[in-house]
Amino acid sequence: MDTSKIKGIDHIGIPTKDIEATIAFYEKLGLKVSFRTKNPNNGHNVAFLTLNDLVIETYEAAEISGKNGAVDHFSLLVSDVESLYKEALDEGYEILTNGIETLPFWENGVSFFKVKGPNGEAVELLEKL
């Protein structure tokens, strides 16, 4: 994979049963809500909290929240998500999404795909549009 297109970590995803309690917890640690929305695919609440370069995406997912190690994924900010997706296919990565997906997050939306890491973790490669 062309690592020159990977810019760094974009965010860490943490599932929750109670988004308000999660937001309150991280606000006490100094993070601020920078973006809040609903996932159009399932109607669940989503919030992005930031502190300097740290970004946490918390989202309603009762089926996986509260489990030991329930950091669901980490996201790498990339350029040219389409070419990286083709490379991931060519190199045999296990794709966890339905191809490249898009969501109306942030100003102009995001395009992303996820691959399975060696320990079952999801690694999201995300391009802000």
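Of the 129 residues of this protein, 40% count as buried, where buried means under 20% relative accessible area, exposed over 50%, and partly exposed in between (1.4 Å probe, protein chains only). The model is a predicted one, in which local features need pLDDT of at least 70, side-chain atom pairs count only at pLDDT 80 or more, and totals for chains, interfaces and linings use all residues. Residues are numbered from 1 along each chain as its sequence is written, and side-chain values use heavy atoms, with hydrogens and water left out.

**The whole chain**

Begin with the entire protein in a cartoon view. Two helices and eight strands are present; helices (H or I, at least four residues) and strands (E, at least two) are DSSP runs, numbered from the N terminus. From the N terminus on, the order of the elements is β-α-β-β-β-β-α-β-β-β. The radius of gyration, taken over C-alpha atoms, is 15 Å, close to the 14 Å that the globule rule (2.2 Å times the number of residues to the power 0.38) gives for 129 residues, so the protein is as compact as a globular protein of that length. Along the principal axes, the C-alpha atoms fill a box of roughly 45 × 30 × 25 Å.

**The sheet**

Next, select the strands. All eight form an open sheet of mixed pairing, in the order β2-β3-β4-β1-β5-β8-β7-β6; two strands pair if DSSP finds at least two bridges between them. Strands β2 (32–38) and β6 (101–103) stand at the edges with a single partner strand each, so one side of each is left without a neighbour in the sheet. Strands of a sheet pair through backbone hydrogen bonds, either parallel or antiparallel.

β2 pairs with β3 (residues 45–51) in the antiparallel sense, over six bridges.

**Helix α1**

Select residues 19–28. This helix, α1, lies across β1 (6–16), β2, β3 and β4 (54–60), and runs at about 5 degrees to β3; axes are lines fitted to C-alpha atoms, for helices over the stretch in contact (heavy atoms within 4.5 Å), and angles run from 0 to 180 degrees between N-to-C directions.

Within α1, select Thr22. Thr22 counts as buried because its relative accessibility is 13%. Its side chain reaches the backbone oxygen of Asp18 at 3.0 Å. Not counting residues up to four places away in sequence, Thr22 touches Thr16 and Thr58.

**Helix α2**

Turn to residues 81–90. Here helix α2 packs on the sheet, touching β5 (73–78), β7 (110–116) and β8 (122–128), and its direction makes about 20 degrees with that of β7. Its buried residues are Val81, Ser83, Leu84, Tyr85, Glu87 and Ala88, and their cover includes β5, β7 and β8. After the helix comes Gly92, whose phi is positive, near 85 degrees.

Select Ser75, which is placed in strand β5. Ser75 counts as buried because its relative accessibility is 0%. Its side chain makes a polar contact with the side chain of Glu124 at 3.0 Å; a polar contact is a pair of N or O atoms within 3.5 Å, where, within protein, one must be able to donate a hydrogen and the other to accept it, and residues adjacent in sequence count only if both atoms are side-chain atoms. Not counting residues up to four places away in sequence, Ser75 touches Gly8, Ile9, Asp10, His11, Glu124 and Leu126.
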